[in-house]
There are 2 protein chains.
Amino acid sequence: MSESSIQTVFQDASLSPMLSVRRGKEALAFYQAAFGAKVLFRAGETRDAVIAKLAIGKSEFWISDEDTEHRNFSPESIGGTSFRMILIVNDPHAAFDYAIAAGAKVLCPVVDEDYGWRIGRIEDPYGHIWEIGREI
Amino acid sequence: MSESSIQTVFQDASLSPMLSVRRGKEALAFYQAAFGAKVLFRAGETRDAVIAKLAIGKSEFWISDEDTEHRNFSPESIGGTSFRMILIVNDPHAAFDYAIAAGAKVLCPVVDEDYGWRIGRIEDPYGHIWEIGREI
């Protein structure tokens, strides 16, 4: 497995996070209201458990109802989240306002940080944490 | 806040996950060896705690040493992870082999699933879960 071949294997790779949640149907509506997310695909529409692919702007992500037997834990089940979503937008204040209006909780308001970002932090109703901002 | 304005606010948005880990320096080396990740940026190179932006193929993600006071938990601190990374590659078997050789643990080997994906699942040494595959 040479250096050139690892680069070949991963050169066209793409990556999307799949967030585990409780109340997947409700979460699907929340992400649409909070971030203008579009639902690109939903597996087995008639099933109760949600597995869905969404897009916010140019980026895709997935949400899935938790399945603790397979170690897919929602933040509510493990008392926290092991990652943050970095959401980059032209107008962080406006984006933040939509998320809050839809039911997100402010952890840090949008401010101009000395490391050169205009950024704030929210927790969504499912326990996931989003940083909303851009470089200035 | 009309439907058209929410679409305007988020139309150019982009999204990257930031994974919380323990042993950030070691994790930085692991993601390079396992997935051919390139380090695009590292904040404060001389500091012990890592905050770094990486790319695998066309996609970017971040890693950050955990900071439990600010509720940035590694999977090791909360006993699991609240999301999965979906990594899409042309050759899932080859990509899987690199991840395993670098120290990832097999949760499900790569198989052709009846929902139309060739996919497998690993856990990395920091407790994050990756699904590696593609549609067939």
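Helices (H or I, at least four residues) and strands (E, at least two) are DSSP runs numbered from the N terminus, and two strands pair if DSSP finds at least two bridges between them.

Residues are numbered from 1 along each chain as its sequence is written, while chains are lettered from A and ligands numbered from 1 in the order in which they are written. Because the model is predicted, local features need pLDDT of at least 70 and side-chain atom pairs count only at pLDDT 80 or more, whereas totals for chains, interfaces and linings use all residues, and side-chain values use heavy atoms, with hydrogens and water left out.

Where do the two chains join within the sheet? Strand S5 (residues 83-88) of chain A pairs with strand S1 (residues 14-21) of chain B in the antiparallel sense, over six bridges, and here Ile88(A) stands opposite Ser14(B).

The contact between the chains (heavy atoms within 4.5 Å) takes 60 residues from chain A and 59 residues from chain B. Together the chains bury about 5100 Å², 58% of it on carbon and sulfur atoms, where buried area is the accessible area (1.4 Å probe) that two parts lose on being put together, summed over both. Phe10(A), Leu15(A) and Tyr98(A) supply 16% of the area that chain A buries against chain B, more than any other three residues. Two salt bridges are found across the interface, a salt bridge being a side-chain nitrogen of Lys or Arg within 4 Å of a carboxyl oxygen of Asp or Glu; Arg71(B) forms a salt bridge with Glu123(A), with the closest N and O atoms 3.0 Å apart.

Chain B also shows how a strand can be covered: six of the seven residues of S7 (residues 117-123) of chain B are buried, that is, under 20% relative accessible area, with exposed meaning over 50% and partly exposed in between (1.4 Å probe, protein chains only). S7(B) pairs in the antiparallel sense with S6 (residues 105-112) of chain B over five bridges and with S8 (residues 129-135) of chain B over seven bridges. Ile122(B) stands opposite Val106(B) on the one hand and opposite Trp130(B) on the other.

Finally, a rotation of 180 degrees with 0.0 Å of shift along its axis superposes chain A on chain B (RMSD 0.0 Å), so the two copies are related as by a two-fold rotation axis. The superposition is by least squares on the C-alpha atoms of residues with pLDDT of at least 70 in both.
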